[in-house]
2 protein chains.
Amino acid sequence: MLTHPAPGAEIAPAAALMGDPARAAMLTALLDQRALAAGELAHLAGVSPPTASNHLARLLDGGLVTVVRAGRHRYYRLAGREVAAAIEALSHLATPAPVRSLHQSRQAAALARARLCYDHLAGQAGVALLDALLAGGILVGCACSGPEAAARAGFEVTAAGECALATFGVDVRALRRSRRRFAGPCLDWTERRPHLNGALGAAITTRLMELGWIERGDRRRAVRITPAGHAGLTAAFGCALSPLPDAWAADRTARRAD
Amino acid sequence: MLTHPAPGAEIAPAAALMGDPARAAMLTALLDQRALAAGELAHLAGVSPPTASNHLARLLDGGLVTVVRAGRHRYYRLAGREVAAAIEALSHLATPAPVRSLHQSRQAAALARARLCYDHLAGQAGVALLDALLAGGILVGCACSGPEAAARAGFEVTAAGECALATFGVDVRALRRSRRRFAGPCLDWTERRPHLNGALGAAITTRLMELGWIERGDRRRAVRITPAGHAGLTAAFGCALSPLPDAWAADRTARRAD
DNA sequence: AGAATGCTTGGGCTACGGTCGAAATATGCC
DNA sequence: GGCATATTTCGACCGTAGCCCAAGCATTCT
């Protein structure tokens with residue numbers, strides 16, 4: 001029946017767009033808020049340029065991505081945080097991909113260590129950073145009450161924290177003026193513990209990039225913590241990042257034992 | 001290539017399952033944590049029993065639903081909160097369904113007023129309830145700090161609030177022992193403001209049902225606030241619920257005018 | 001201007017998935 | 001035991017979506 005597209009099926013179009021492996025790969029590749037050219041996306045998804053173009057046109061039509069033309073390139077990016085959130089939510093359901101190769105397993109490990117969750121740091125590093133911010137008294141659970149609390153529910157910066165963040169290079173007061181949610185927990189799908197979200201999470205991450213404390217891995221949303229970053233994070237936030245060296249050490253020991 | 005299912009496409013299977021209109025309708029119908037029989041789901045989705053059975057087998061295989069056999073019926077329900085969360089996240093992306101009929105528009109309005117978001121109250125009523133709980137000093141933004149804060153980020157119950165909730169019939173201390181996240185904000189996709197989530201949100205909603213203050217609309221996840229509920233909510237939490245009576249009154253006037 | 005690069009369009013092939021009718025299986029009721 | 005109901009399995013049909021090749025625009029480089 002034409003008049004009967006089944007009530008409650010509103011999510012189907014968007015879900016269907018994410019339901020194709022090639023498109024899913026493209027969307028996942030765009031999760032780190034970068035804009036990628038059509039050709040790159042085609043390569044990443046393992047399909048030919050015409051096929052990719054077709055997929056991208058669909059994604060564009062469905063409002064999941066936006067495009068900007070720059071010369072002979074067309075750069076695509078996710079249409080917004082809602083899209084990223086939906087992809088993240090779906091990854092919680094995803095059966096962990098079977099490990100097919102050493103290369104893949106190393107990549108997965110890198111992703112678990114540190115990655116971008118759209119515009120903020122995630123993975124073991126993201127979780128460790130939030131823990132350090134809380135332990136160091138820079139952030140506390142938001143204590144505001146009244147009608148304001150609902151919108152702000154999440155974390156607040158202490159007076160001392162505001163100072164520390166200013167030294168680090170993040171202007172908290174400016175962030176507060178933004179309409180975006182200030183700071184909240186975002187459940188990490190590899191760690192199953194929260195990392196820092198919102199305007200503050202994004203700003204800190206941007207600053208980490210500027211300082212060269214973290215840098216993007218090539219063509220994945222993996223992120224690498226530089227030696228300078230390791231030192232800086234320890235100094236600025238007392239962020240031990242303990243899981244990382246430990247994991248490495250354990251890994252080495254295990255390999256040596258082989 | 002068989003060895004090349006495109007990295008980053010892990011979300012595709014789950015998304016594809018949600019990408020069919022019939023399956024999407026079924027999943028959405030299950031959003032209120034009820035278990036529905038295969039036949040009902042077939043009717044709801046507007047497909048024949050065999051087709052529905054096929055879809056349900058796929059959903060089962062994909063781990064999105066579970067099934068229990070009771071006599072000659074088979075009751076399906078969502079496999080967990082992660083599934084519900086993914087569906088919710090996708091609805092944020094969904095183009096609001098065009099209004100086709102008066103009936104549909106009434107249903108949509110009812111859904112916007114009050115509905116279940118898996119296991120807790122959402123819609124205007126959900127948002128109003130959270131506002132009231134915060135305004136009444138029953139809940140405050142969680143002020144705990146240290147490593148614990150991350151996991152608990154959200155809301156906390158005050159001493160006075162614990163007392164008020166006990167009178168209402170919710171044992172806060174018991175809830176705290178549960179492994180589930182205690183209380184947090186859940187962005188409402190119709191109101192674009194948060195409503196109450198977590199073990200506390202679920203417990204309060206269950207209790208509202210027990211008291212007969214709210215009751216399910218038939219075969220949708222819409223919820224109706226009873227007169228007793230209106231009185232009780234005002235008395236217990238000072239919850240004005242102003243949008244509801246207004247909407248009803250306006251609605252009735254409009255109908256009488258016909 | 002002419003060639004090379006990046007991307008999209010059109011055509012045609014294939015295959016998979018959604019659909020239903022009919023029949024089989026299981027359960028409950030009388 | 002026999003009939004009605006609930007659900008699944010089987011088989012067949014059809015539409016459509018994904019894929020690539022080849023050709024067509026657009027842009028940039030030399």
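## The surface near DNA strand C

Helix 4 of chain A gives the most to the surface near DNA strand C, with six residues. Helices (H or I, at least four residues) and strands (E, at least two) are DSSP runs, numbered from the N terminus. This is a predicted model: local features need pLDDT of at least 70, side-chain atom pairs count only at pLDDT 80 or more, and totals for chains, interfaces and linings use all residues. Residues are numbered from 1 along each chain as its sequence is written, while chains are lettered from A and ligands numbered from 1 in the order in which they are written.

In total, 21 residues surround DNA strand C. The closest are Ala37(A), Gly39(A), Pro50(A), Ser53(A) and Gly71(B). A residue is near a strand if its C-beta atom, placed from the backbone, lies within 6 Å of it.

## The surface near DNA strand D

DNA strand D is surrounded by 20 residues. Pro50(A), Gly71(A), Gly39(B), Pro50(B) and Ser53(B) are the closest. Helix 4 of chain B gives the most to this surface, with six residues. Its residues divide into nine nonpolar, seven polar and four charged.

## A three-stranded sheet in chain A

Three strands of chain A form an open, antiparallel sheet in the order 1-3-2. Strand 1 (36-37) and strand 2 (65-70) stand at the edges, each with a single partner strand, so one side of each is left without a neighbour in the sheet. Strands pair if DSSP finds at least two bridges between them. Two bridges join strand 1 to strand 3 (residues 73-78), and Leu36(A) stands opposite Tyr76(A).

Six bridges join strand 2 to strand 3. Arg69(A) stands opposite Arg74(A) in this pairing.

## The nonpolar core

The largest nonpolar core has 148 residues. Such a core is a set of buried Ala, Val, Leu, Ile, Met, Phe, Trp, Tyr and Cys residues joined through C-beta atoms within 7 Å. Buried means that 20 or more other C-beta atoms lie within 10 Å of the residue's own, with C-beta atoms placed from the backbone. Of the 258 residues of chain A, 44% count as buried.

Met18(A) and Met18(B) have the most contacts inside the core. Two residues are in contact if their C-beta atoms, placed from the backbone, lie within 7 Å. Beyond its neighbours within four places in sequence, Met18(B) contacts residues including Ile11(A), Ala12(A), Leu27(B) and Leu90(B).

## Confidence in chain A

Chain A averages a pLDDT of 83. This score is the predictor's confidence in each residue, from 0 to 100. Confidence is highest in helix 1 (residues 12-18), at 96, and lowest in helix 13 (residues 243-257), at a mean of 42. Over residues 242-258 the pLDDT is below 50. Beyond near neighbours in sequence, that stretch has six contacts in the model.

Definitions and conventions:
Buried ≥ 20, exposed ≤ 12 C-beta atoms within 10 Å, placed from the backbone. Nonpolar A, V, L, I, M, F, W, Y, C, P; charged D, E, K, R; others polar.
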